[in-house]
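Biologist: I would like to learn how to read a model of this kind feature by feature, with the general idea first and the particular case after it. Could we go through it together?

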Amino acid sequence: MNRTKSLIQIALMSTLIVILGLMPPLPLGFIPVPIVLQNLGIMLAAILLGAKKGSLAILIFLILGLFLPVFTGGGTTLVVFAGPTAGYVVGWLLMPLALAGLRRLLLFSHPLISFALVWLSGVLLVDVIGAIYLAHYTNAPLLPSLLSNLVFIPGDSIKAAIATIIGTKYRKQLGLE
């Protein structure tokens, strides 16, 4: 039964990531990367499911994307990995592992600490990896690519706060603590 419960949690989280991808992207014009809501699902996968199951939910989402347009704006996994946003998606895959690693470093938990860890792994890490790849993809210097990502920080910080609030509330109720 426990294995079935885990599989259902992973499948539901993959589905949530796909559903959040149905929200239209907000193009910025000065950077070929739009603002999306899908990364909220990535943060929730990491918080609610942990490193192993959260990564598996994201991997299943990417596998679905090989066959279906599951990304914001109707993209598929191959299209996304051939474009300017590939680095962000790689960051998404690393986010649950990074969050779990940061959590292991601390002996206590507090909502503000939880938010900081989610922000470091789900905002800063993802944006830095995304900017590094974006610089490579566009043949731009790294510093301007990093600075262009500052536009994502306020919205991604709000998403990290929402994910932290939801995660803090439901981890124990879902039997994930």
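Biologist: Which residue forms a salt bridge with Asp156, and how far apart are the closest N and O atoms?

Modeller: Side chains of opposite charge can pair when their charged atoms come close. In this predicted model, Asp156 forms a salt bridge with Lys159, and their closest N and O atoms are 3.1 Å apart. The separation qualifies because the rule asks for a side-chain nitrogen of Lys or Arg within 4 Å of a carboxyl oxygen of Asp or Glu, and by this rule the count comes to one salt bridge.

Biologist: Where do Asp156 and Lys159 lie, and how many residues apart are they?

Modeller: Both lie in helix α7, three residues apart, which is about one turn of the helix; that helix covers residues 153–170.

Biologist: Are the two partners, Asp156 and Lys159, buried or exposed?

Modeller: The reading rests on relative accessible area, where buried means under 20%. Asp156 is therefore buried, at 5%, and Lys159 is buried as well, with a value of 8%.

Biologist: Which side chain makes a polar contact with the side chain of Asp156?

Modeller: That side chain belongs to Asn39, and the polar contact is 3.0 Å. If residues up to four places away in sequence are not counted, Asp156 touches Asn39, Met43, Val123 and Asp127.

Biologist: Let us turn to another residue, Ser148. In which helix does Ser148 lie, and is it buried or exposed?

Modeller: Ser148 lies in helix α6, which runs over residues 142–148, and with a relative accessible area of 15% it counts as buried. A polar atom of the Ser148 side chain lies 2.7 Å from the backbone oxygen of Ser145. Once its neighbours within four places in sequence are left aside, Ser148 is in contact with Phe30, Ile31 and Leu134.

Biologist: How should I read Gly91, and which residues is it in contact with, leaving aside its neighbours within four places in sequence?

Modeller: For a glycine I would take the location, the accessibility and the contacts in turn. Gly91 is found in helix α4, residues 86–105, and it is buried because its relative accessible area is 0%. Leaving aside those sequence neighbours, Gly91 is in contact with Val126 and Ile129. The C-alpha atoms of Gly91 and Ile60, 31 residues apart along the chain, are separated by 15 Å.

Biologist: Where does UniProt place the feature "transmembrane region", and how much of the chain is helix over residues 78–100?

Modeller: The unreviewed UniProt entry places that feature at residues 7–24, 30–49, 56–72, 78–100 and 112–134. Over residues 78–100 the chain is 83% helix and 0% strand, with the end C-alpha atoms 28 Å apart, while over residues 56–72 it is 53% helix and 0% strand, with the end C-alpha atoms 20 Å apart.

Biologist: What is the phi value of Asn139, and is the residue buried or exposed?

Modeller: Phi of Asn139 is near 55 degrees, a positive value in a residue other than glycine. Asn139 is found in the loop between α5 and α6, and it is exposed, with a relative accessible area of 71%.

Conventions:
Residues are numbered from 1 along each chain as its sequence is written. This is a predicted model: local features need pLDDT of at least 70, side-chain atom pairs count only at pLDDT 80 or more; totals for chains, interfaces and linings use all residues. Side-chain values use heavy atoms; hydrogens and water are left out. UniProt positions are given in the numbering used here, feature names are shortened, and annotations may be inferred rather than shown by experiment. Helices (H or I, at least four residues) and strands (E, at least two) are DSSP runs, numbered from the N terminus. Buried means under 20% relative accessible area, exposed over 50%, partly exposed in between (1.4 Å probe, protein chains only). A polar contact is a pair of N or O atoms within 3.5 Å; within protein, one must be able to donate a hydrogen and the other to accept it, and residues adjacent in sequence count only if both atoms are side-chain atoms. Contact means heavy atoms within 4.5 Å.
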